Amino acid sequence: MDEVLSRIPLSPPWTVHEFLAWLEKDTGRPIRLLPYPEGTVIGNRRCGVLFGLADEDIIMYDPNRSERHQRQTIFHEVGHVLCCHKGEPFSPTDSPLTSGIDPDAIRYMMRRTSFDTTTEAEAELLGTKLAVLSQGGITDDGRGHFNRIISTVVQ
């Protein structure tokens, strides 16, 4: 965990946008955020999902949750990327989850099927640490500098 965190050259508090811009450079892969389509329900709750495509990664999150919960969900999925967790193979299917995504382009997906696996525990811990060091809304792209200034004044 410390090794992964030590690789991050950003100064907190960062925005989701700033962090993902760095992660794209670090991995060489674009990352696209997609809110779940309205009305999508997976099981009895909506957790994040990470789709690995040949040329990009897609993180889906629940836009109806609080900003804090959205950041936690997104950074949990980022934790899977940073820890190089391997997802499960994806069988193309017509599903609300694949709305806006070509199902045939999806190589793998990470989704929470249980909470007691090593990969989920690692992603949850790392995601929580990253989310705590972040501020702002999901679409905030220019407030990271402002957040850092304010955080030095308000402690």
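## Salt bridges, a buried arginine and a pocket

A search of the whole structure finds 4 salt bridges, a salt bridge being a side-chain nitrogen of Lys or Arg within 4 Å of a carboxyl oxygen of Asp or Glu. This is a predicted model, in which local features need pLDDT of at least 70, side-chain atom pairs count only at pLDDT 80 or more, and totals for chains, interfaces and linings use all residues. Residues are numbered from 1 along each chain as its sequence is written, and side-chain values use heavy atoms, with hydrogens and water left out.

### The chain

The protein chain has 5 helices and 5 strands. Both are DSSP runs, numbered from the N terminus: helices (H or I) have at least four residues, strands (E) at least two. Along the sequence the pattern reads α-α-β-β-β-α-β-β-α-α. Of the 155 residues, 40% count as buried. Buried means under 20% relative accessible area, exposed over 50%, and partly exposed in between (1.4 Å probe, protein chains only).

### Charged pairs

Side chains of opposite charge can pair when their charged atoms come close.

| Pair | Distance, N to O |
|---|---|
| Arg7 and Asp26 | 2.3 Å |
| Arg32 and Glu56 | 2.8 Å |
| Arg65 and Asp62 | 3.3 Å |

Arg7 and Asp26 meet in a salt bridge. This pair links distant parts of the chain, 19 residues apart: Arg7 sits in the loop between helix H1 (2-6) and H2, and Asp26 in helix H2. Arg7 counts as partly exposed because its relative accessibility is 37%. Asp26 is partly exposed too, with a relative accessible area of 36%.

The side chains of Arg32 and Glu56 also form a salt bridge. They too connect distant parts of the chain, 24 residues apart, with Arg32 in strand E1 (residues 31-35) and Glu56 in the loop between strand E2 (49-53) and strand E3 (57-61). Arg32 has 30% relative accessibility, so Arg32 counts as partly exposed. Glu56 has a relative accessible area of 15%, so Glu56 is buried.

In the pair of Arg65 and Asp62, Arg65 is partly exposed, with a relative accessible area of 36%. Asp62 counts as buried, at 7% relative accessibility.

Arg71 lies in helix H3. The side chain of Arg71 reaches the backbone oxygen of Gly136 at 2.7 Å.

### Glu18 in helix H2

Glu18 belongs to helix H2 (residues 16-27). A polar atom of the Glu18 side chain lies 2.9 Å from the backbone nitrogen of Thr15. Glu18 and Ser134 are 116 residues apart in sequence, but 9.6 Å apart in space, C-alpha to C-alpha.

### The largest pocket

The largest pocket has a volume of about 250 Å³. On a 1 Å grid over the protein atoms alone, a pocket is an open set of points where a 1.4 Å probe fits, with protein on both sides within 12 Å along at least five of seven lines; lining residues have an atom within 4 Å of a point. The lining has 15 residues, and Asp57, Val81, Cys84, His85 and Tyr108 lie nearest the centre. H2 and helix H3 (67-82) each supply at least two lining residues.

Definitions and conventions: Polar contact = N/O pair within 3.5 Å; in protein donor to acceptor, adjacent residues only side chain to side chain. Points joined across faces, edges and corners; volume = space filled by probe spheres on them.
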